[in-house]
Amino acid sequence: MGLQPLEFSDCYLDSPWFRERIRAHEAELEKTNKFIKELLKDGKNLIAATKNLSLAQRKFAHSLRDFKFEFIGDAETDDERCIDASLREFSNFLRNLEEQREIMALSVTETLIKPLEKFRKEKLGAVKEEKKKFDKETEKNYSLLDKHLNLSAKKKDAHLQEADIQVEQNRKHFYELSLEYVCKLQEIQERKKFEFVEPMLSFFQGMFTFYHQGHELAKDFNHYKMELQINIQKTRSRFEGTRSEVEDLMNKIRQNPKEHKRASQFAVEGYLYVQEKRPAPFGSSWVKHYCMYRKAAKKFTMIPFEHRSGGKIGDGEVFSLKECTKRHTDSIDRRFCFDVEAADRPGIPMTMQAFSEEERKQWMEALGGKEALLPSLNRANLRREGGAQLDKIGFTILRKCIRAVETRGINDQGLYRVVGVSSKVQRLLSVLMDAKTCNEVDLENSLDWEVKTITSALKQYLRSLPEPLMTYDLHGEFIIPAKCGSPESRVNAIHFLVHRLPEKNKEMLDILVKHLTNVSNHAKQNLMTVANLGVVFGPTLMRPQEETVAAIMDLKFQNIVVEILIENHEKIFRTVPDATLPEPISMSTSPPNAPPRQSKRQGQRNKRPVAVYNLCLELEDADNPSPPKEDTPTGSLDSLSSHSPTPATLSSSPGPEKNHLLTDGGELADWASNHPSQARPPMVQWLNPQSPTSLSAHPAAAPSSPVSSSFCFSSPAVVADKPTESVVSRKARAVYPCEAEHSSELSFEIGAVFEDVQTSREPGWLEGTLNGKRGLIPQNYVKLL
């Protein structure tokens, strides 16, 4: 039962039960007051905790925004770029969420804390003041009444009458105060219901508004989340494929490391101990150096380096080699030693010690010593042996396997990913590759061969070809479009390159990709999406000529190329490339003020027109391009620097090997030798798609139509619409010494700092300024700051 009502008539009786009812009302108000006081304290703690949470969330978002993933290689896939950008997206999401949280915290203060504090102080505080007055008047009234009743009856009538009047007035005042107090008590009991609950309602409204805003943000984020999950799944699939390839390569190198040496500009390189002679009392010491020898220039470089001292690189030394002589153990108390003599210090040999007799022989052979080894085989020029060929039997194998798969297992889960038993696969492949038994095998109706055995045999056949189906020659050019550019430009570039494949390669690729398109159309049943097929067939259809970790890092781009082939099969194989191949500028014309010079390779190559000049343009601001300048003379480094597109990525090169550009016939390489004063060859003519006969000698004359922010093309068949903006310049420090062989190159020592370093048109080279002189710098010789 609730509180009993306080009747106004009871104020005049002021009975004990009336007083009990008043005390019950007062106790309830005191409890309400304490509750509100505790609630306000908890509310303020809630606001403080909310602010602390918001601060922690913002700090977390700030950390996400500032972190950046590094990648191995020279480019990322689109999926990896999306994953990199995801941290900033997460940061933005948290920041937007925290903005709403701050609004909620302010709302709690304004809608809950302040109204309750006001109710407690003004309303409950007023009732407390009335209680104090009521208690004081009660004490006064009954004290006066006791005193009045104790008056003697013998007092004078006038005195007694005056006392009666005073008591009556006091009782009347007490009754009035009692009436007001009872009214206040009952009023506050009714008022507290809405005065307290209404702020609570506003508080929860603010909370739900916050959660609703979070729900709206989550809805906006959901689409991005789904795409990101796909990016992550594709990247994980590529990682699994790359990891297995890396492990295979690691095991191959572990078994035979000498056959897997990387191509290098140096004839030989490695660690040697160099004898440093000291005054007689101190004897001599042996210091470990990393040594490199360039045979063409006869330049020997040695850099002190001690792994045990934290790996600090010392000051290097470069000298021209005069001769190398083997040291026998009867002349020195150390094994594996030989002497080298510098051209500028005749008669003062330096004694060096290799790690083994075999390594000493390698150094002696490279340095022109008396003992020489037979030239080692270059694995990069070896092709895989195998019985598989692109012949009639090969096409029969392909068609038989495809018909069997599409007839029997097109809906099998994990098609082409689930591998067959190795022995069965080899047996089937042997039967199919035998001309006598190939036509007798019935894969469509026979249950002797499982679908997974057939798919594995098909993949094994493609891997056994002497050369991958998409060829070694075009491997690098297929990779370049996958690393940059808009989706449309990638398709156009790969479209053009497919039509450069040998006819048999293109025909077999057409048959296979058409089949893979059919497989991907049944992805709901077989779970083999285009991305999954790219992971399976990327390494099968494309593989580098030299197995290195860097090449394996490009596996993901091989997968992208296969994905593009599957998604655009009809366009790529059923139509000819859209763009017309422009005629290149003659490579035999010398630029102004560039004296002609006999090419080192002239006469060693057949001259033919340049078919491809690889370019990869990264347009950082396609929406606000810089207007091209007209009437600018071509042929000087400055004019080309300021008006020509600056490729952010060129075809890969094993290192800073001079006078080397990836071309079809070698004219660009010879042009670089014939024109040492000009760091870049003239630009290939740019073609106006609207006017096939209108050619300009400079990219500034190319039409300026909108282009995507990242545009790439790997041949003149894919024509850029506008030149790129300048690459942001940086500083770089030399980590190896270099001596220039041409006037366009810079000579420098270790530690030299270059200013205004930018990308060069020549693969493996940068442009920079040193001591006021601008020229070419080998990219592998410097570290960007």
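1. Contact here means heavy atoms within 4.5 Å. The model under review is predicted, and the points below should be read with that in mind.

2. Helix H7 spans residues 422-433. From the first C-alpha to the last, its twelve residues reach 16 Å, close to the 16 Å expected at 1.5 Å a residue.

3. Four residues of H7 are buried: Val425, Leu428, Leu429 and Leu432. They lie on the same side of H7, because the arc they cover around the axis is only 100°. An α-helix has 3.6 residues a turn, so residues three or four places apart point the same way.

4. What covers the buried residues of H7? The cover includes helix H6 (392-408) and helix H8 (451-463).

5. Glu137 belongs to helix H3, which runs over residues 78-149. Its relative accessibility is 12%, and because buried means under 20%, Glu137 counts as buried.

6. Beyond its neighbours within four places in sequence, Glu137 is in contact with Asn170, His173, Phe174 and Leu177. Ser178 is 41 residues from Glu137 in sequence, and the C-alpha to C-alpha distance between Glu137 and Ser178 is 8.8 Å.

7. For the protein as a whole, there are 18 helices and 15 strands. Of its 785 residues, 45% count as buried. The protein exposes about 42600 Å², and carbon and sulfur atoms supply 52% of that area.

8. Among contacts in the protein with a separation of 6 or more, 71% are between residues 24 or more positions apart.

Conventions. Residues are numbered from 1 along each chain as its sequence is written. This is a predicted model: local features need pLDDT of at least 70, side-chain atom pairs count only at pLDDT 80 or more; totals for chains, interfaces and linings use all residues. Side-chain values use heavy atoms; hydrogens and water are left out. Helices (H or I, at least four residues) and strands (E, at least two) are DSSP runs, numbered from the N terminus. Buried means under 20% relative accessible area, exposed over 50%, partly exposed in between (1.4 Å probe, protein chains only). Accessible areas come from the Shrake-Rupley method with a 1.4 Å probe; for residues, only the protein chains shown count as cover. The expected span of a helix is 1.5 Å times one less than its number of residues. The arc is that of the directions from the helix axis to the C-beta atoms.
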